Amino acid sequence: MVRLSVNEKIQPHWWSKTLAGLLLGLMLAYGIVGIFAWYGYGGIDAPVKVQFNMWMICPIWILVLSFSYLFKTGFNAVVYLLSVNAVVYCAFFILRWLS
Amino acid sequence: MRVRGDILRTYQSIHTWIGIIAGLVLFIGFYAGSLTMFKHEITQWATPASHQLSQIPIEKFDKLIQQASSKFAKAEQDFTVNFNEHLSPLTWFERSGGRELALNNVMRHATLSEDDQLITQVNPTNELGELIDMLHRTAGIPGKAGHEDIGVLILGIASVLYFLALVSGVVILLPTLVKSFFALRPNKGSNRLWLDSHNLVGIISLPFHLIIAWTVIVFAFHDFFYGGLSLIYGDEPMFEIRSKPSIEYTVEQLPSISTYLNKIDDIAEGYKIESMAFSNLSSANPSVGITIINQHEMMRVSSGDFIYMNPYTLNVNYSSIPLSDEDVYTPIVAGIFSLHFGGYAGDFGRWVYFILGLLGAFIFYSGNLLWLEKRRKKQSQQSQSSRIMASLTIGVCLGSMMAVVVTLLVSKWLYLFGSEVNTYYLWCYYVCFFSALLYSFLRGAAKSAIDLQLILFVTCLLIPLTSVVALLFPSIGLLRPLIFSSFVVEGIALLFSAVFFYCFLKTRKRAYQGERNSI
């Protein structure tokens, strides 16, 4: 294996990565679940779907959180997660505006 | 598989620190959760047989309800019909009741005699199974924040960490997974063996652990998740709003029991009614919660599924099983619950969950020990922090188990001193737990581990012995054991006394002959 130089290695940045994963991960989970809630199978008012949606928030959120530590720096984590959030929420609001 | 070294190191630190922070509460949650798989058996085992009245044939239930509700004011509103042969046919609460855990519930049991005369008796309820369930959900941490238990919230946070630990644990293992998956290396020193079994158990039961972590987080924080979801739903109502009912009913109008049996046959084929809990019968808002069982289906909890309906109109308000084919989300949601509660594969599934829960507890215990041993090797002398952590691990894990076992043991003896035993259970648990914790701090982890395991062995052994004594000398007035459920509880106790005895011998050998300074 090639030895990585110091700035190629993953930096710990525990606090920033954890916070980014917790907050932005949660927002991302809500965004994805939101799109599914309105446009996924059965539409917004299918019976019991609200429970299913609530259940799905958690796994998306904690998966994003657990892989946040793979970003090289805490700053990277914030930037990437923010941009994914932006894309998802744009999609959500455009879809809502169209229908 | 190759993983970059820096990734490995990152996840190694996550894994270690999280294990140390969350392992102890999760340990209690897991082994107590194993016991809750047999919650009803434990309660039945602890309740004196004389508390239950004899069952009656199904066609006599209508007469029983009619007589009971005309004679007792409480039974005009709420009562529960049981079809289980070990329980009284009709019960209702004389004091308190409801879904919250209450220690001084008083229940009236009713049945009919041979010549259709009403027989009733009043008993304080036994909450042993519920208390163990409470321990499982809160890890014994008391207190409430608003309407949520603080213990539940703490376990919820611990579960987020636990999920992180699972992911990081798998990442660390990836490079050596194929090579040393089934490798148990007993001849490479005991630390290697502990590590191997920690990894093996972790990987094998990974799906179970992922499910448990997910569901526990949702159980703890569902209000929070729904709160955020309401922003997404906007003006769309999240839950059906029911129109305010205006018709007042009285218990005399109640349909016969056979009506419900037919209705359940109609809408849920293959299910058998276990019990029916009627509430607010003489009001505009009556309800009946019917517990139904079908061992061949995936059930919401290991003891059944639920259907709630209006007892007069038979309109279904809520059902945990899908009642129409278009309903796709009910079975998915019910499935998630079922995966937590082990409600599938019948009794076999319950045993598997029992074992998986204990293995989970083993993972946390062994993880903590591995960390302590590793720290010890790095330092010539045990540092203050590892000593504290060692005492905490031994005190909390073994102490909590000992406290539960002692409570189980004294349960039958307590009835000699009166029948309001639930408060004593609580005292017994906390006194034992804190004395064990204190002891492991005063005496040191290694020595107290030996003693605690000896106590565990003896108390486990005494549980079946108590029943033997009760059987041989009925004059003492100890309860005579029930038939099936007592075999389960006492069989487990016997098995565990053997396990603890073995561990006791091992630990003692290690402490006296092993390396100095070891834990």
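Predicted model: local features only at pLDDT ≥ 70, side-chain atom pairs only at ≥ 80, totals over all residues.
Where the two chains meet, 29 residues of chain A are in contact with 28 residues of chain B. On the side of chain A that touches chain B, two helices each supply at least two residues: helix H1, residues 14–39, and helix H2, residues 49–67. The helix that gives the most is H2(A), with 13 residues. By residue class, this side of chain A divides into 21 nonpolar, 5 polar and 3 charged residues.

Chain B is the next subject. This chain has 519 residues, and 39% of them count as buried. Its secondary structure comprises 15 helices and 10 strands. Among the contacts in chain B with a separation of 6 or more, 67% are between residues 24 or more positions apart.

Gln44(B) lies in helix H2 of chain B, which covers residues 39–46. Is Gln44(B) buried or exposed? A residue is called buried if 20 or more other C-beta atoms lie within 10 Å of its own. Gln44(B) has 23 other C-beta atoms within 10 Å, and therefore is buried.

The strands come next, with strand S3 of chain B, residues 106–112, as the reference. Of its 7 residues, 5 are buried, so S3(B) is largely enclosed by the rest of the structure. S3(B) pairs with strand S2 of chain B, residues 90–95; these two strands run antiparallel and are joined by 5 bridges. Within this pairing, Leu90(B) has Ala110(B) in S3(B) as its bridge partner.

S3(B) also pairs with strand S4 of chain B, residues 118–124, again in the antiparallel sense, over 7 bridges. What do S3(B) and S4(B) form? They form a hairpin, with 5 residues between the two strands. In the turn of this hairpin, Asp116(B) has a positive phi of about 60°.

Taken together, S3(B) is joined to S2(B) by 5 bridges and to S4(B) by 7 bridges.

Conventions
Residues numbered from 1 in each chain as written. Chains lettered and ligands numbered in written order. Contact = placed C-beta atoms within 7 Å. Helix = DSSP H or I, 4+ residues; strand = E, 2+ residues; numbered from the N terminus. Nonpolar A, V, L, I, M, F, W, Y, C, P; charged D, E, K, R; others polar. Buried ≥ 20, exposed ≤ 12 C-beta atoms within 10 Å, placed from the backbone. Pairing = 2+ DSSP bridges.
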